[in-house]
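Dear colleague,

Please find below the structure that I am handing over to you. My findings follow directly after it.

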Amino acid sequence: MTEAIRLLDIREAALSTDEVLAAITDPAAGGTALFIGTVRNHDHDRPVDELRYEAHPDALRHLRQVAERVCEDPAVTALAAVHRTGPLVVGDAAVIVAVAAAHRDVAFAACRRLIDDLKAEVPIWKHQHFTDGASEWVGAC
């Protein structure tokens, strides 16, 4: 199960889809699903010009727990997830997750579960700044 986890990281450096896809390459996989979350130029109809992600020191441990649950399905052959921290601008990749599986339906479902559970359970918070000078924290308790 955990041998299917090929890449997990939370980092300030720019993220690479090539790195993520290379990590999950698997000859047993019949399907690969990839999700890239990017910084958009608006939120709730308000223009955003920049944001910053911050992660709790235990965030990587929480990410591993999420990944292990996704890999409980024996059809999942490989998994990768990376999330960026620090300052980002519109268009930057903030998170990339990918899953390889025996079949496409498993790959799609597992990739969806991976990103949804990551966003719900991994303590990473977004501080976004709007063009009008206001800012807000998203995902913070």
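In this predicted model, helix α2 runs over residues 59-70 and so has twelve residues. From its first C-alpha to its last, α2 reaches 17 Å, close to the 16 Å expected at 1.5 Å a residue. The buried residues of α2 are Ala59, Leu63, Val66, Ala67 and Val70. Because these residues cover an arc of only 100 degrees around the axis, they lie on the same side of α2. Among the elements that cover them are the strands β1 (5-11), β4, β5 (76-84) and β8, together with helix α3.

Several of these elements return in the description of the largest pocket, which has a volume of about 300 Å³. Its lining comprises 21 residues, and Tyr53, His83, Ala94, Lys119 and Lys126 are the closest to its centre. At least two lining residues come from each of β2 (31-38), β4 (46-55), β7 (93-101), α3 (104-121) and β8 (124-130). Strand β8 supplies the largest share, with four residues. By class, the lining of this pocket consists of twelve nonpolar, six polar and three charged residues.

A further point concerns Ala22, which lies in helix α1 (residues 17-24). Ala22 has a relative accessible area of 54% and is therefore exposed, the cut-off being over 50%. Ala22 and Ala134 are 112 residues apart in sequence, and their C-alpha atoms are 40 Å apart in space.

With kind regards

Conventions:
Residues numbered from 1 in each chain as written. Predicted model: local features only at pLDDT ≥ 70, side-chain atom pairs only at ≥ 80, totals over all residues. Heavy atoms only, no water. 1 Å grid on protein atoms, 1.4 Å probe; cavity = no way out; pocket = protein on both sides within 12 Å on 5 of 7 lines; lining within 4 Å. Points joined across faces, edges and corners; volume = space filled by probe spheres on them. Nonpolar A, V, L, I, M, F, W, Y, C, P; charged D, E, K, R; others polar. Expected span 1.5 Å × (residues − 1). Buried < 20%, exposed > 50% of the residue type's maximum accessible area, 1.4 Å probe, protein only. Arc of directions from axis to C-beta. Contact = heavy atoms within 4.5 Å.
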